[in-house]
Each structure stands twice: as structure tokens, then as C-alpha cells.
Amino acid sequence: MAPAAAQDIKFFTIGTGGTAATYYPVGGVIANAISNPPGSRPCEEGGSCGVPGLIASAVSSRGSVDNLNAISSGLRNSGFAQSDVAYWAYTGTMQGQPPAEKLRAIAALFPEHIHLVALADSGINSVADLKGKRVSLDEPGSGTYVDANLILEAAGLGVADVTAEALKPDAASDALRNGQIDAFFFVGGYPTGAIVELASAAKIKLVPIDGETAASLTGAHAFFASSDVPEGVYEGVPATTTVAVGAQWITSSDESEDLVYEITKALWNDNTRKLLDTGHAKGKSITKESALDGIGIPLHPGAEKFYREAGLLK
């Protein structure tokens, strides 16, 4: 009996981001929700409501670009990516790459806000004030790096106008606190752990991305929207206007329609709702009603089948 059970096990990876960012913990919650290993208690008895025989795992990565490359190459089954980065990759408009035509969407998850973090007494009050400063743009391969470049451009600056560093949010937080950099960019759902810890240890500010810079950005790129990070998300930081993009769960057209249908169904199971609501602060923002918001690439046929049945697609 054991060999047959072993053959029935399916593994499904979800590329996330750095362990101190938002993708990784949210990926863990979703992996848990869609998994249903052999021998699990049935859903109706309080057990797993995931896909029978599926073991899903959240994998740490360098972020959006890294995840999309891994999906395209078949290295990972799925991954999280910013809506803008997914669109550019699919259409082939990103950094001279050919179109990643196999990319397909499972769901839009939650809004991700662009955090531009500096010390409270830094005198940096706008993107334009970054000129001549030491600024971390995150690693090439992350969605943050792509967006930081666009934001500098919208403010009339380029990478050559700053001393650019390539640090993940936890390393950037340490560097800011220790005076090694003046500011850093991070794109993610608030609250993000690295910045929560930083705000409890040092007086920081979120630098607003508003006015002409925001207007230029949202005018040129439809996936950016003006949005606020509310007061109290980070200790001592008032409500700040910035811009946001959407986090999406992406897979490949190579993945089976039946499997992705079952995964999408498990994601929006009522039981998963409880896991999302309690598993991470961003979980409450992940709703079936907003699952199709801002998706600029085709849906996977399995996901599309679910949304049609659920009445979310005509």
C-alpha cells in the first residue's frame, strides 16, 4: 500500500522573497492551506482542506524577477511577483528579456506599498532629496530594484545621481541604523518585519512619494496607484502617502489545468480564510473578491475555470 501512496504525492513550490519581507510568511500560510499530505484528517473533520496528496512549500528567493525566471525555466512551479514585474516579463518589455509567454496568473493577493525609509532626522523629505545620498535599491532580481529605478526617474533622477547599494530589507535596516546608508527602498505589504524592528530601535520616517513624482509615475505605468501607509503601522511613523502595486501568485502554462483548478479552489476555501486571517497581518487583504484586480497577464486555465464557476468571471 505504501508505494502507491508515495506515487500519489505531488510537490508544488511557491517562490517567495527574503525571509524578513512579506512574501515569505504569506507563502508559508498559503502553502499550508493548499497542502493535504496522505494521511491527513479530512477537511470536514477539522483537518486539511488542501488538494489531496499535495505537499506545497514556500521557498525563499530574491523576489519577483527571480521567481518569474524560475517559473519560466521550470525550476519552480509557482511564485509571487509584483503586478508590474509580471506584466513586463510576460510582454518582454523588461531589461531586454524575451517575452516570458508561459506565465499565467492564479490570483491577485494584496497591495504592496513602496516604502522609502530614512532616519527621522535625515532631512530627506522627498525622492528628489536622495540626490548625492547613499541609497539601497535592493538586489537586481527583485521587484523593488525595478520600481526604485522608475521612481528615481519619475523624480528626474537616475541611478548615477545616488550611491546605489543592493541590500535586502533586513540588511538595509541594519545599514541605515549604523549610518552606512541614508535611505532604502522596499516594496512589500505592510507591516514588513524588517521595518517594524527598525522602527522599534530607531526613529525613522517613510519619505512620501507624492505630488509630481507620483503623478508622473501613475501616468506612465497603470499598475502604480497612489495609496497611504496608515499611522501606527510602524512605531512613531505618521500616515504617509506613497504608491502601491499588487502582489500576484503566478504559475506556468505547463502546470496541469486540473491541479491549478484544485489549488485555486483550496486557496478560496472557507477554511483557508481562517488561516489567512490569523496567519499574517496581510492575510485579511487576500480576498476572493479582489482576486482578479490588476491582473495584466492571462489567467491559468485551471484558475479561470474556478473563477467562472464562482461567478467572478462572466
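## Exercises on helix packing and cores

H2 and H10 are roughly antiparallel to each other. The model is predicted.

**Exercise 1.** Work out why H2 and H10 count as roughly antiparallel.

*Solution.* Start with the axes. Those of helix H2 (residues 23-34) and helix H10 (residues 270-279) come within 10 Å and cross at roughly 160°. Next, apply the cut-off: angles over 145 degrees count as roughly antiparallel. H2 and H10 are therefore roughly antiparallel. The crossing of H2 past H10 is right-handed. Now list the contact residues. H2 supplies Val29, Ile30 and Ala33, while H10 supplies Thr272, Leu275, Leu276 and Gly279. Sort them by type: five are nonpolar, two polar and none charged.

**Exercise 2.** How are H3 and H4 oriented to each other, and which residues make the contact?

*Solution.* Take the geometry of helix H3 (residues 64-73) and helix H4 (residues 83-91). Their axes lie 10 Å apart, at an angle of about 40°. That angle makes H3 oblique to H4. H3 passes H4 in a right-handed crossing. Ser64, Val65 and Leu68 of H3 meet Val85, Ala86 and Ala89 of H4. By type, this contact has five nonpolar residues, one polar and no charged.

**Exercise 3.** Which residues have the most contacts inside the largest nonpolar core?

*Solution.* This core has 71 residues. Ile30, Ile34, Leu130 and Trp249 have the most contacts inside it. Strand E4 (residues 103-119) gives the most to this core: nine residues. Then follow Ile34. Beyond its neighbours within four places in sequence, Ile34 contacts residues including Phe12, Val51, Trp249 and Leu267. Apart from this core lies another, of 18 residues, among them Ala175 and Leu198.

Terms used. Residues numbered from 1 in each chain as written. Predicted model: local features only at pLDDT ≥ 70, side-chain atom pairs only at ≥ 80, totals over all residues. Heavy atoms only, no water. Axes fitted to C-alpha atoms, helices over the stretch in contact; angles between N-to-C directions. Helix = DSSP H or I, 4+ residues; strand = E, 2+ residues; numbered from the N terminus. Parallel < 35°, antiparallel > 145°, perpendicular 65-115°, else oblique. Left-handed = near helix turned anticlockwise from the far one by under 90°. Contact = heavy atoms within 4.5 Å. Nonpolar A, V, L, I, M, F, W, Y, C, P; charged D, E, K, R; others polar. Core = buried A, V, L, I, M, F, W, Y, C linked by side-chain atoms within 4.5 Å. Buried < 20%, exposed > 50% of the residue type's maximum accessible area, 1.4 Å probe, protein only.
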